[in-house]
Amino acid sequence: MTIKLGVPSKGRLMEKTFDWFGARGVQLSRTGSDREYAGAVEGVEGVELVLLSAGEIPRELAAGRIHLGVTGTDLVREKLGQWEQQVQEMAELGFGHADLIIAVPGCWVDVNTLEDLDAAAAAFRATHGFRMRIATKYHRLIREFLRDNGVADYQLVDSQGATEGTIKNMTAEGVADITSTGDTLRANHLKILDDALVLKSQATLFRSRKTAMDDEERKVMAGLLVKLGLDD
Amino acid sequence: MTQKSKIRARAAALAAGFEAAGAVPVETPVLLPAEALLDLYGEDIRGRAYVTSDALRGEQMLRPDFTVPVVQMHMAHGAEPARYTYAGEVFRRQEDDAARANEYMQVGYEVFDRENPAASDAEVFAVIERALKGVELRAATGDMGILAAAVAGLDTTEARKAALARHIWRPRKFKALLDRFAGRSEMPARRAALLAQEDPMTHGFPDIGLRSQAEVAARVAALSEDSEAAPISPLQVELIEALLNIRETLPNALEQVRDLAVDLPAITEAAFRLRDRIDALAARGVDVENLEFEASYGRTSMEYYDGFVFGFYVPGRADLPPVATGGRYDALTQVLGQGREIPAVGGVIRPGILVDLEEAA
């Protein structure tokens, strides 16, 4: 009956998403108490706002439980296999810019490229008896990137937060994470490898390819896309 | 009969054939401790295998193949020589191609024998070929040992040879390294700048993490040493490239390998092994005159094959995975044997593909 639009449920990502839609005549807002995840849509009929964690939006799109969703390209590519067959990129929203990169301690003067990282990993494994550890939450993207670039003798260790601290804590030797300004990396005495820009990400509006829509819903979708200037 | 029971019946028939050839049937667990597999294959295996865990045993993998558990079982309590057969499901993640099965049967035949490697290679190939009789397939063979021998025989530093040997299974990276060591590609600017510094170890960063400054200094020294090493000669690069391009019937391939051995004497032993294998295959009744050999075959498969490699393919059906694959994995037994080793060679058939082919026919 309605088109479901998934939007990150808190923080700057939510506010900027509301601004982006607002500038196009679609007012999104949270309703009820501060803690209640309910929302309202004005300016267009038949659209329902669903507030979700940004990390869950790719999965909900792939399952067809929401028709549209705003999340980072990084999360879609990490979480969905063959993502282009499951979702369609409708618009880059121009905020939430972040680069997925690989960084190592600044005190590694010998490592500036992936070729260096591979050679250092081989020596590290020979010295320490285990593979060099890279902390990340982007397992799929990083594994594919390192395989394509011929890096061996490493292992990924899972880190869902405070990833830059893992090196000082001796639970990893390198990190793969998103960064926008590089401040956190610098504060933790890390440097980005010259040729290890894995992905440039930003907040993006995606359409699910997995939803079945009736005529009425198709009409609502078409109207919404016209309003957003995405009807070409 | 359901598809699954047809495949099971076909698997049982294949296993019975392998038993008749002298193999002892064995069973292995479906859940394997992840650590040994991860240590062997690194992250690549995580991309291919399903990983699960519990709070008591930690990470476990749904068996991606039988080779590792069969080797472990043999190293723990097997008598020599030994021949084993097994049949069961293996599990492979398929995140990029939904058409590929993520669970399928494999029936295998493995030989652990020190006596005559050429005869064992030929035995495994011939037993698998006989089991596939009546199905129209194209066989491909290769030998990972020849390229390894060629690398070991290059006229360059041990460090460069080790770096090339480490990347034999990654053709693109191997070529990039060869180009670098031959002086055909430039040293990265940052590295040149680093080596030009009076004291490369000066930096404004605190010393953090497990990799020590001594390790960093050792690699800087290695880089400095490498920058002074003479490039690998154009002739040797040409020889390696000529070797990689060999794609011929077995007898012709042998001729070409021998020809290259004139300038690359390090592959002489490997050429003898190839000749012995061809003789052993012929003695088993294999049509070696028409059997294909590709020097690069096996370079993109699992890292454990280090000698003879082979596969059987459905002609004109590049979309289908191979019906059977196999090879020699001597080094794997060393790694898993904790100080002990035994030469080993084996192969597997996928009965599911056979059943599909027979139904389509």
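Biologist: What joins strand 3 of chain B to strand 4 of chain B?

Modeller: A hairpin joins them, through three residues. Before going on: this is a predicted model, in which local features need pLDDT of at least 70, side-chain atom pairs count only at pLDDT 80 or more, and totals for chains, interfaces and linings use all residues. Residues are numbered from 1 along each chain as its sequence is written, while chains are lettered from A and ligands numbered from 1 in the order in which they are written.

Biologist: What makes strand 3 and strand 4 of chain B a pair?

Modeller: Two strands pair if DSSP finds at least two bridges between them. Strand 3 (residues 51-54) and strand 4 of chain B have four bridges, in the antiparallel sense, so they pair. Strands here are DSSP runs of E with at least two residues, helices are runs of H or I with at least four, and both are numbered from the N terminus.

Biologist: Which other strand pairs with strand 4 of chain B?

Modeller: Strand 2 (residues 31-33) of chain B pairs with strand 4 (residues 58-62) in the antiparallel sense, over three bridges. B:M61 is the bridge partner of B:L32, and B:V51 also stands opposite B:M61.

Biologist: Why is B:R299 called buried?

Modeller: A residue is buried if 20 or more other C-beta atoms, placed from the backbone, lie within 10 Å of its own, exposed if 12 or fewer, and partly exposed in between. B:R299 has 20 other C-beta atoms within 10 Å, so B:R299 counts as buried.

Biologist: Is B:Y304 buried or exposed, and how do you know?

Modeller: B:Y304 has 23 other C-beta atoms within 10 Å, and is therefore buried. B:Y304 lies in the loop between strand 9 and strand 10 of chain B, and B:R299 is found in that loop too. An unreviewed UniProt entry lists both under "binding site", among other residues; such annotations may be inferred rather than shown by experiment.

Biologist: What is B:Y304 in contact with, leaving aside its neighbours within four places in sequence?

Modeller: B:T67, B:Y329 and B:L332. Contact means that the C-beta atoms of two residues, placed from the backbone, lie within 7 Å. On the same terms, B:R299 is in contact with B:I168, B:W169 and B:P171.

Biologist: How many residues of chain B are in contact with chain A?

Modeller: 32 residues of chain B are in contact with 31 residues of chain A. Helix 10 of chain B gives the most to this side of chain B, with six residues.
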